[in-house]
Amino acid sequence: MPWGEFKDTAAERRLFQRRSLVALAIVLLMLGGLVARMYQLQVVEHDTYTTLSDKNRVQVQSVPPTRGLIYDRNDTLLAENRPVFSVTIVPERVPDLEVTLATLSRLLSVSEEDVERFKRRMHEPRRPYQALPLRYDLNEQEIAALAVHRHELPGVEVAAELVRYYPHGEITSHALGYVGRINREELQRIDPVNYAGTNYIGKSGIESFYEDKLHGKVGYQHVETNARGRTLRVLSRENPVPGEDLKLHLDLRLQKLAYQLLDGRRGAIVAIDPESGGLLALASVPGFDANLFVTGISVAAYRELSTSHDKPLFNRALRGQYPPGSTIKPMMAVAALDSGVTTREREVWDPGYFQLKSGGRRYRDWKRGGHGWVDLTRSMAESCDIYYYDAAVRMGIDTMYEYLDQFGFGEDTSLDVRGALPGLLPSRDWKRATRNEPWYPGDSVNLGIGQGFMLATPLQLATATAVMANRGQWVQPRLLRDVVGDDPLAAVLPEATREDMVLKNQDDWEFVVDSMEEVMHGRRGTARRSGAGASYRMAGKTGTAQVFSLAQDEEYDADEIRERLRDHALFVGFAPVDDPEIVVSVIVENGGGGSSTAAPVARELFDAWIDGFPEEDEVVSISALPTEGDR
Amino acid sequence: MTGSQLFSQRASGGLGSRRGLWSILHLDPILLLLLLALVAGGMVVLYSGADRNFAVVEAQAVRMGVALVVMLVFAQLDPSVYRRWAPWLYLVGLGALVAVLAVGVGAKGAQRWLALPGLPRFQPSELMKLVVPMMAAWYLSRHFLPPRLSQVAIALAIVLLPMGLIVQQPDLGTALLVGAAGLFVVFFAGISWKLITAFLGMVSVAAPLMWFFVMRDYQKQRVLTLLDPQSDPLGAGWNIIQSKTAIGSGGWSGKGWLQGTQSHLEFLPESHTDFIVAVLAEEFGFIGMLVLLSVYLLIMLRCLYIAVNAQDSFGRLLAGALTMTFFIYIFVNIGMVSGLLPVVGVPLPLISYGGTSSVTLMAAFGVLMSIHTHRRMITA
């Protein structure tokens with residue numbers, strides 16, 4: 001052994017022992033340092049780190065409330081919530097968005113449009129760490145495929161959410177409005193707390209008007225999430241308060257019938273319950289499928305809808321402003337009688353035209369030869385224009401304005417119908433302000449038969465007719481009939497403010513109504529064919545609104561003019577005469593004559609409401625009816 | 001014998017036959033028991049750290065089995081064998097380290113593995129954790145101790161040469177451990193305190209130079225992150241913030257086994273490898289940490305006892321250095337996880353998931369047992 005014991009001295013051993021003691025001291029010192037560090041973290045700063053740890057794992061999530069349902073008057077569901085599975089992405093949690101999108105496109109069909117929409121939403125102002133939907137309505141196969149590949153796709157989740165669904169799509173779209181995803185402007189406006197978990201908001205109609213009631217109150221839950229944001233379990237939960245269910249005056253059967261009757265045409269129907277003012281039907285044809293808008297309509301589909309010549313997105317019932325034409329005559333008759341410019345017996349000579357002064361412009365009657373001597377009843381039944389030219393000039397604009405204003409023209413009198421337009425009730429001041437011209441007597445002549453400047457929506461015509469049917473008693477149109485919730489209806493529905501119309505002689509109401517009855521049942525009534533054979537008596541007035549004005553002596557032939565330049569056909573009426581149950585206004589754009597096109601539609605509606613609804617296959621659209629150029 | 005008074009001396013004669021069996025196996029029962037206890041406890045923590053993945057525990061058990069066999073084999077060899085082979089192993093190790101830099105394989109920008117045809121892939125640097133202290137002990141124990149200045153210089157060269165090669169891979173953690181192992185030999189050999197002070201002075205001067213000339217960007221980043229983890233809370237600082245949160249939220253007695261939210265909810269990175277001590281601290285609290293550190297301390301005390309009682313200088317120096325290397329593992333790992341030291345790739349010995357370091361460590365304990373059980377019974 002070269003390492004002899006000689007070298008292995010006790011001195012070396014002692015040296016090593018000393019060094020070992022030093023090493024041990026160092027070890028103990030450093031271990032003590034570690035213990036001190038642990039004591040600092042685990043005991044002294046324990047509370048701080050517990051808070052950090054809880055903040056890591058526990059997150060407060062908002063639980064969106066279930067949106068209230070909407071029913072018609074017979075408890076038929078008009079708007080419900082359907083569970084829809086969608087694939088969502090939290091962009092903040094995705095390491096490489098392009099890779100993730102490519103993987104997702106492999107697993108499920110994702111259109112370029114979906115990706116585009118997703119990226120658009122990503123770059124819009126939004127809540128951070130909010131899941132953005134990529135594609136909706138996944139099928140079971142796609143959900144399974146995503147579940148299998150979940151681990152490769154951090155930040156991607158399959159989310160189930162309740163999405164608004166309108167089972168009757170096109171039929172109810174204009175009456176209900178629709179919901180859609182919350183957009184940028186709405187984000188500024190809404191309560192960020194209450195809408196923390198909500199993705200949809202009422203965009204129009206009832207959905208928008210009663211948004212507060214339908215939405216409900218947000219709930220909360222504390223959830224445990226892992227580092228990748230995946231929810232593992234719910235720790236505690238405060239349930240949301242679901243939105244209140246709404247019951248409307250609307251009758252789906254009548255609404256459906258209205259669409260069937262106008263099928264293939266453009267037009268609008270408004271039906272009102274004269275007792276309550278409830279809207280029984282609110283139809284604008286053509287409609288559109290509101291379900292398309294809920295989860296976000298594709299650009300192509302939207303372009304198709306918005307550029308269509310038939311304007312399916314345009315709500316004609318509320319926003320279509322038409323010259324009322326002869327349908328204004330009942331209101332004019334009331335005005336003329338009450339203001340004293342005419343009497344029940346007074347007769348006017350109708351040579352076929354009217355002149356303000358001898359040799360002046362001739363305002364033509366629709367009947368070339370004229371009606372001869374005409375009293376008020378006959379002027380209504382046969383829709384004599386000359387009688388009303390005369391009355392209008394006698395009354396003057398101020399008087400006409402006063403009465404028409406009381407019938408609700410020129411303003412939106414509805415209580416909860418969002419988006420209704422006020423039409424246009426001209427006055428001296430209006431003309432001065434907008435055209436810088438005085439009011440000419442000729443303007444009064446035109447106004448007498450609802451032409452010229454005046455514009456009214458189908459809803460306004462129906463409302464004014466309801467006042468007529470109620471003999472002066474006002475009912476402001478409304479959709480909401482009842483709230484299924486804690487609030488009484490009165491607390492939800494805006495207050496009615498219109499005062500009833502009282503005439504100097506209240507019997508004049510009955511007299512004018514009788515003349516409207518003549519329209520339907522009289523020997524020479526313009527709508528006698530629509531009134532024939534009914535089990536009840538009805539009152540009405542036909543009308544025709546010129547789409548463009550003709551020169552004084554120009555002949556015109558409906559067949560020669562392109563369909564879209566033909567006159568609009570109008571009708572207003574109610575039934576039964578003595579105890580009205582339903583008031584309707586009908587407009588068929590370019591329908592030609594009111595008596596041939598609009599009145600039969602109203603008759604079908606009256607029959608259905610009073611005698612019972614027909615089988616669906618019995619309903620014939622007016623497209624199938626022949627059209628004539630009469631009034 | 002002052003050292004022996006620190007530790008339990010030989011058992012009384014009644015246990016003679018038992019002692020005989022252990023002698024035949026060349027194992028130290030006390031050290032073995034402590035190691036087995038540590039390994040068993042470690043697997044309990046690992047099961048939690050690996051998020052209840054039993055396959056991980058099974059794989060770790062297999063590795064520990066292999067490591068124990070390696071320990072048994074290393075314990076059978078007489079210390080003189082290590083002494084004779086030390087220079088040759090050292091040369092082979094240096095050659096392998098050079099080869100690694102030339103043709104090595106690896107991942108994440110570091111070449112650490114050598115894949116020779118016909119041999120299993122291995123990390124030469126891992127081997128050097130044993131070979132460098134052996135070589136240093138071999139060299140220094142040839143001369144009278146304490147060594148002269150020239151001998152210290154040569155010993156330092158023996159240590160720094162492989163260390164430099166390993167830094168080049170780069171593998172700072174292993175280089176640190178290899179360097180520590182060698183330097184502790186020099187320390188135990190008894191170099192004067194003046195030299196030690198001078199050396200520490202040189203290190204403090206060299207550190208800034210290292211910063212500018214040796215350290216890579218990612219290493220600098222780790223130091224910066226240590227100083228201010230909040231500067232990049234979602235990036236480099238994440239690990240430190242989350243491991244401190246795990247440790248701190250454990251409190252006195254912890255959240256309970258398998259109840260650690262930081263690790264099970266995946267906030268804690270590397271929860272079954274380098275950061276496993278954070279799992280233990282979170283689930284077993286300050287008390288659990290005290291138990292762990294106590295077991296480590298007992299192991300080290302036993303090893304120092306072995307070192308002090310070694311028969312020759314080579315054995316003493318080697319045993320002492322290996323013991324202190326084991327401690328460096330512990331201190332660097334826990335220091336890094338608790339945010340005292342920058343993040344360096346050093347596992348928690350015998351608990352972190354991973355085979356290589358466990359085998360090396362067990363081999364070192366085998367060498368210690370060899371030193372202890374091959375003593376010729378001549379008492380002074």
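How many residues lie between β19(A) and β20(A) in the hairpin that they form? The hairpin has six residues between its two strands. The model is predicted: local features need pLDDT of at least 70, side-chain atom pairs count only at pLDDT 80 or more, and totals for chains, interfaces and linings use all residues. Residues are numbered from 1 along each chain as its sequence is written, while chains are lettered from A and ligands numbered from 1 in the order in which they are written.

Chain A holds 23 helices and 20 strands. These are DSSP runs numbered from the N terminus (helices: H or I, at least four residues; strands: E, at least two). Of its 631 residues, 44% count as buried. A residue is buried if 20 or more other C-beta atoms, placed from the backbone, lie within 10 Å of its own; it is exposed at 12 or fewer and partly exposed in between.

Strand β19 of chain A spans residues 568-575. Eight of its eight residues are buried, so the strand is largely enclosed by the rest of the structure. In a regular strand the side chains alternate between the two faces of the sheet. A:His568, A:Leu570, A:Val572 and A:Phe574 point one way from β19(A). A:Ala569, A:Phe571, A:Gly573 and A:Ala575 point the other way.

β19(A) pairs with strand β18 (residues 539-545) of chain A in the antiparallel sense, over seven bridges. Pairing requires at least two DSSP bridges between two strands. A:Gly540 has A:Gly573 as its bridge partner in β19(A). Strand β20 (residues 582-588) of chain A also pairs with β19(A), antiparallel and over seven bridges. There, A:Ala575 stands opposite A:Ile582.

A separate description applies to the sheet β1-β8-β9 of chain A. This sheet is open, has three strands in that order and pairs in the antiparallel sense. β1 (58-63) and β9 (231-238) stand at the edges with a single partner strand each, so one side of each is left without a neighbour in the sheet. β1(A) and β8 (residues 219-225) pair over six bridges. A:Ser62 stands opposite A:Tyr220 in β8(A).

Helices α14 (residues 329-339) and α21 (residues 507-521) of chain A also meet. A:Pro330, A:Ala333, A:Val334, A:Leu337 and A:Asp338 in α14(A) meet A:Asp508, A:Val512, A:Ser515 and A:Met516 in α21(A). Contact means C-beta atoms, placed from the backbone, within 7 Å.

Terms used: Contact = placed C-beta atoms within 7 Å.
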